[in-house]
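Morning, everyone. I'll take charged pairs and then aromatic pairs. Here is the chain.

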Amino acid sequence: MKRLFLLTVLLSFSCLTKAQNPGDLDLTFGNNGIVAVTAADNLNQARNFMVMPDGKIMVAGAVRVYNNNVMFLGRLNPDGSSDTSFGEGGAVIFYQEDYYAQYPDDIDMIGDKIIVAGYLFDPGTIPFLMCLN
C-alpha cells in the first residue's frame, strides 16, 4: 500500500478560487483544501511548487525509492486533482542509478518548457538543470 504524504497547499493566487475569509482553507481545492500527493512508497518531502500560466500546479519533491531519495515531479489541476496527462497518472519519478540522493530546488518555466534545478549526491554535491516538455 502506498503511503501518502500530505501536501498542505494554502494558495491565494488569483488563478485559484479564494476562500471566504483570508487564511481559511479553500474547501473547493483537493479534499477540503488539502491534497494528498502519492508518488511512490514514500513521498518524503515537497520542496517547491509553481503555478503554471494555465493554472495547473507543478510540485517538485523527493521520494524514497530503493533506499535512495530521488526526484519527483507532479502536476495538479487548478482544483487540486492529479493532472493525468502529465507523466504516469500525474507524476514523474526520476531515478539516476549512480546517485544516492537527488533533490529539486527550483522549478520554473521558459516558454512552454518546465525547467528544474537541483542537486545530486555522489557522495559530493553535483548541481543539475533539466528541461521537460
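A definition to start: a salt bridge here is a side-chain nitrogen of Lys or Arg within 4 Å of a carboxyl oxygen of Asp or Glu. Now the caveats. This is a predicted model, where local features need pLDDT of at least 70, side-chain atom pairs count only at pLDDT 80 or more, and totals for chains, interfaces and linings use all residues. Residues are numbered from 1 along each chain as its sequence is written, and side-chain values use heavy atoms, with hydrogens and water left out.

Salt bridges, then. The whole structure has three. Arg 75 pairs with Asp 83, with the closest N and O atoms 2.6 Å apart. Both residues, Arg 75 and Asp 83, are buried. Buried means under 20% relative accessible area; exposed is over 50%, and partly exposed is in between, with a 1.4 Å probe and protein chains only. For Asp 83 the relative accessible area is 4%.

Asp 83 has another partner. Lys 56 bridges to Asp 83, the closest N and O atoms being 3.0 Å apart. Lys 56 sits in the loop between β3 and β4, and Asp 83 in the loop between β5 and β6, so the pair ties together parts 27 residues apart in sequence. Strands are DSSP runs of E, at least two residues, numbered from the N terminus. Lys 56 also counts as buried, at 19%. Together, Lys 56, Arg 75 and Asp 83 are linked in a network of salt bridges.

Next, Arg 47 and Asp 105. Their closest N and O atoms are 3.0 Å apart. This pair links distant parts of the chain: Arg 47 is in strand β3, Asp 105 in strand β7, 58 residues apart. How accessible is Arg 47? Partly exposed, at 30%. Asp 105 is partly exposed too, at 37%.

On to the rings. Three aromatic pairs turn up in the whole structure. Rings of Phe, Tyr and Trp (its six-membered ring) pair if their centres lie within 6.5 Å; planes under 30 degrees apart are stacked, over 60 edge-to-face, and the rest tilted. Tyr 103 and Tyr 119 are tilted, at 5.6 Å and 40 degrees. Tyr 103 lies in strand β7 and Tyr 119 in strand β8, so the pair ties together parts 16 residues apart in sequence.

Tyr 103 is buried, at 12%. Its ring also pairs with Phe 121: the centres are 6.2 Å apart and the planes at 80 degrees, so this pair is edge-to-face. Phe 121 is buried as well. Tyr 103, Tyr 119 and Phe 121 form one aromatic cluster.

How values were computed: Helix = DSSP H or I, 4+ residues; strand = E, 2+ residues; numbered from the N terminus.
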